[in-house]
Amino acid sequence: MSRFVVLALAAMVLALPANAADHKFDAEACAKAVAPYLDDQTVAVLHVDLSLFDADALVTKAAALGKLDAEDLSPIRNGLKIMLKALTDSGARDLFLVVSLADVPERSAFLVVPLPPGKAAENGD
């Protein structure tokens, strides 16, 4: 499974749509959203714009990079699509994967998914 995660992260970069350059990216807003979750041992932050995320492209690229049969990854593809729909339906637009040495070895990287004001209370968070 960890092999797939590495391949998925690499494929995520390669699977961006061609029009990604036309999409307005607000670095300051992203930094403000994830900053409370960072510490002095944070070594990596991966940002995913959920409006540009393509589960089919990601799994296809990961399968190709790992020399795997894409059909064998269909449960992962379906899970990603369900997760993406749930996140975007709740108002999420961004997802951050945070890697901190402070968490090693007890915990792995974690996800930060900011919700618009009022949505967290609506969802019971």
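Val 48 stands opposite Leu 95, which lies in strand S2. This is a predicted model, in which local features need pLDDT of at least 70 and side-chain atom pairs count only at pLDDT 80 or more, while totals for chains, interfaces and linings use all residues. Residues are numbered from 1 along each chain as its sequence is written, and side-chain values use heavy atoms, with hydrogens and water left out.

The secondary structure of the protein comes to five helices and three strands, where helices (H or I, at least four residues) and strands (E, at least two) are DSSP runs numbered from the N terminus. Read from the N terminus on, the elements follow the order α-α-β-α-α-β-β-α.

The three strands form an open sheet in the order S1-S2-S3, with antiparallel pairing; two strands pair if DSSP finds at least two bridges between them. Strand S1 (42–49) and strand S3 (110–112) are the edge strands, each pairing on one side only. From one strand to the next, the twist averages 25°. The bridges that hold each antiparallel pair are listed below.

| Strand pair | Bridges |
|---|---|
| S1 and S2 | seven bridges |
| S2 and S3 | three bridges |

Within the pairing of S2 (residues 94–100) with S3, Phe 96 has Val 112 of S3 as its bridge partner. Helix H2 (residues 27–34) packs on this sheet and touches S1, S2 and S3, its direction making about 55° with that of S2; contact means heavy atoms within 4.5 Å, and angles run from 0 to 180 degrees between N-to-C directions, the axes being lines fitted to C-alpha atoms, for helices over the stretch in contact.

Strand S2 is mostly covered, with six of its seven residues buried, that is, under 20% relative accessible area with a 1.4 Å probe and protein chains only. Of the 125 residues of the protein, 27% count as buried. The accessible surface of the protein comes to about 8,200 Å², of which 60% belongs to carbon and sulfur atoms, as computed by the Shrake-Rupley method with a 1.4 Å probe.

On that surface, Val 43, Leu 101 and Val 104 form a nonpolar patch with about 280 Å² of accessible area together; patches are made of residues with over 30% relative accessible area and no salt bridge, nonpolar side chains being joined within 5 Å, and a salt bridge is a side-chain nitrogen of Lys or Arg within 4 Å of a carboxyl oxygen of Asp or Glu. Val 104 is found in the loop between S2 and S3.

Notes:
Patch = residues over 30% accessible without salt bridge, like charges linked within 9 Å, V, L, I, M, F, W, Y side chains within 5 Å. Buried < 20%, exposed > 50% of the residue type's maximum accessible area, 1.4 Å probe, protein only.
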